[in-house]
Amino acid sequence: MKILYISHLHPPDGDPMESIGGMQNVSIQLMNTLMEREDVELETILLKTSWRGIGLKTFFFLVSLLWKIPGVSKKFKPDVILFSSMVTAGVLPFMLKKPEAPCVTINHGQDVTLPILPYQIYLPQVFKKLQGVISVSSATRHECIKRGMDPAIGVVLPNGFIKESSGDEIDRTTARQKIEQEFGVDLTDRFLLLNVGRQVKRKGHQWFIENVLDKIKSDVILLLIGEGPETAEILKAKELSRHNAKIVVAGRQPDEILNAAYAAADLFVMPNIPVEGDMEGFGIVLLEANSSGVPAVASNLEGIKDVIEQGVNGYRVPAEDHDQFALKIDKVLNDELSALSERSKQYVTEKFSWDFVISKYLDFLDSVRKR
């Protein structure tokens, strides 16, 4: 199958973005997996850029697609054109001539729910130009249908996941010592709760500090890695908490520290809360934790529902239910941690490896091509 892949989510060659996000990793891993397939011939149109000025660069990249897609398609003659997100697929209504190959997009969550009125008015026009839509979760597909997508052209396929290896795997004891030294905490006879990701309101960091931490009976340290528009509010919540000394708001961290954090952690917490116009499309960071043998306790919301299987790689609890969050964290830490850790690793390998997921992608793309 000949696939033309279009993405604005790639860092410059040899200069990866700092704290590269889930969508960026997914796009890179998807492209690399397709390139390795003997039954796929891949051509790409990519925007490779750092975060600086990315909004303006993306705009000019999208404009350039109006002539790049026809030009590359004429030479390459793809069977399918695959867009990395609704952002890149958004050029289709502006194209004077419809591409001969069927057009398919992947969508991730916020690229569908972005709460900007002109964008929301425009989305139904994009869906009309698509012959296939791959949503990373059932919740994301539902949001697409609400915005005019014909259910017959949409399918739910999970993100794949490859655990990146630096070649120097760190053992748990060394990792915990490294975290102690880096952040000045004592993990002796304590559990390490970890959260990694962009600090936006839907992630529920502030809510967790203010409403859950006080109810956890186990002796824990909470390590938050990442930054974002809510970082200042999270720091305020930390300062006001009587558990101030147990909270580490670490900001962005290099891969060396991030890898140590995953190796040292006992439990990943993802206390997302509902936020209008925003959603967790999938939660790739959960798979990152699971692959390190770290199970999760997370909110039963949106794309998280498609990642966590109850009692296998963690637990989902009702969003904003502080009592249930605390109870489940204590239960896992004291009674189920060892078994859940082993199951988590196996779960990621069996269900979310790219070799497994890419076959489903290609089956769907082939069905769109034939249709």
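A salt bridge is a side-chain nitrogen of Lys or Arg within 4 Å of a carboxyl oxygen of Asp or Glu. The model is predicted: local features need pLDDT of at least 70 and side-chain atom pairs count only at pLDDT 80 or more, whereas totals for chains, interfaces and linings use all residues. Residues are numbered from 1 along each chain as its sequence is written, and side-chain values use heavy atoms, with hydrogens and water left out.

**View A. Salt-bridge network of E143, K146 and R147.** Salt bridges link these three residues in a network. The structure holds 15 salt bridges.

**View B. Surroundings of S218.** S218 is placed in the loop between α8 (205-211) and β8 (220-225); helices (H or I, at least four residues) and strands (E, at least two) are DSSP runs, numbered from the N terminus. With 9% relative accessibility, S218 is buried (under 20% relative accessible area; exposed is over 50%, partly exposed in between; 1.4 Å probe, protein chains only). Its side chain makes polar contacts with the side chains of D330 (2.6 Å) and N334 (3.0 Å). A polar contact is a pair of N or O atoms within 3.5 Å; within protein, one must be able to donate a hydrogen and the other to accept it, and residues adjacent in sequence count only if both atoms are side-chain atoms.

**View C. Salt bridge between D219 and R190.** The N to O distance is 3.3 Å. The pair links distant parts of the chain, 29 residues apart. D219 is partly exposed at 33% relative accessibility, and R190 is partly exposed at 25%.

Key. Contact means heavy atoms within 4.5 Å. Lists of a residue's contacts leave out its neighbours within four places in sequence.
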